Number of protein chains: 2
Amino acid sequence: MKSLFGSPGKPSGLALRLCQCLFAAASLAVMASASGFSTATSFCYLIAAMGLQVLWSFGLACLDIHALRLNKDLHNHILLSFLLVGDWVTVILSLAAASSSAGVMILFMKDTDICRLQPSLSCYTFQISIALAFIAWFLLAISSYVVLWLLATV
Amino acid sequence: MKSLFGSPGKPSGLALRLCQCLFAAASLAVMASASGFSTATSFCYLIAAMGLQVLWSFGLACLDIHALRLNKDLHNHILLSFLLVGDWVTVILSLAAASSSAGVMILFMKDTDICRLQPSLSCYTFQISIALAFIAWFLLAISSYVVLWLLATV
């Protein structure tokens, strides 16, 4: 089986999982610390999706550390199929959460003047959180493509 | 090379492309006919994304018809790579558009009372259009997975 950049059980795979976990946790923390996030369901959904991504990526980072320490090979059909399903579910949920929050944010800032009229809303903080969520989604998408490619070329 | 359900140049592939085109066109038409869609940038973005999907799926449906009539094999590396990039760009844009519109719709209906207070907005029509966009995205996602799988197993 080929070994690609970001494969499970490789140092590059571990680095990718840790970055995913870091950006998702940062997005979650920034959104949860912003005042008025509960005004929009999309922002609450972003917190839930990023929470799921943190758990998933952290779990797989631990698996990678375990494999690297014991020099185990994680390239088997059952594990890769499990990773594929988990990765794709998380990727779709993360992109949907980031996009729906971005849609609401554009409505707040461009289509209406809600951000200007309601200074209690931390619009700037919302934007940082959404940008971090898009980065976390992009990093997870790389991992999920690598897993799909590995599974197809077994 | 394996022949999967929905492969390019097969009757199932043609049926999938025609369904994608149909649902995307329906979503576009329903959203464009709704009064007040220009109040939110997300709804305009949905129209643009569905327009792109209609063009893409219609073009590939024509390619499938051509291949079926002349009994040509479309399974070559260059064409599959081109389909892969186009499919994935369209899939990501469609999901982002449908999700951002859904986020705005939930804000209009659940978080605020805009739909009730402004009867000029066709909230019910927006919802139908968003549901059709999600179906169109799902059908396109199936095609893109098939193409990625075919390319990986060449």
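1. In this predicted model, the count of salt bridges between chain A and chain B is 0. Polar contacts between the two chains come to 2 residue pairs, both at pLDDT 80 or more.

2. On the side of chain A that touches chain B, the elements giving two or more residues are helix H2 (41-70), helix H3 (77-111) and helix H5 (123-152) of chain A. H3(A) supplies the largest share of that side, with 13 residues.

3. By residue type, the side of chain A that touches chain B has 15 nonpolar residues, 7 polar residues and 2 charged residues.

4. The area that chain A and chain B bury between them is about 2000 Å². Carbon and sulfur atoms account for 74% of this buried area.

5. Each chain can also be looked at by its part in the contact. Chain A contributes 24 residues, and chain B contributes 24 residues. Of the interface residues of chain A, 100% are also interface residues in chain B, so the copies meet through the same surface.

6. How are the two copies placed relative to each other? Chain A superposes on chain B by a rotation of 180°, with 0.0 Å of shift along the axis and an RMSD of 0.0 Å. The two copies are therefore related as by a two-fold rotation axis. Within chain A, the C-alpha nearest this axis belongs to Ser100(A), at 1.8 Å from the axis.

Methods
Residues numbered from 1 in each chain as written. Chains lettered and ligands numbered in written order. Predicted model: local features only at pLDDT ≥ 70, side-chain atom pairs only at ≥ 80, totals over all residues. Heavy atoms only, no water. Contact = heavy atoms within 4.5 Å. Buried area = accessible area lost by both parts, 1.4 Å probe. Salt bridge = Lys/Arg side-chain N within 4 Å of Asp/Glu carboxyl O. Polar contact = N/O pair within 3.5 Å; in protein donor to acceptor, adjacent residues only side chain to side chain. Helix = DSSP H or I, 4+ residues; strand = E, 2+ residues; numbered from the N terminus. Nonpolar A, V, L, I, M, F, W, Y, C, P; charged D, E, K, R; others polar. Least-squares fit on C-alpha atoms with pLDDT ≥ 70 in both.
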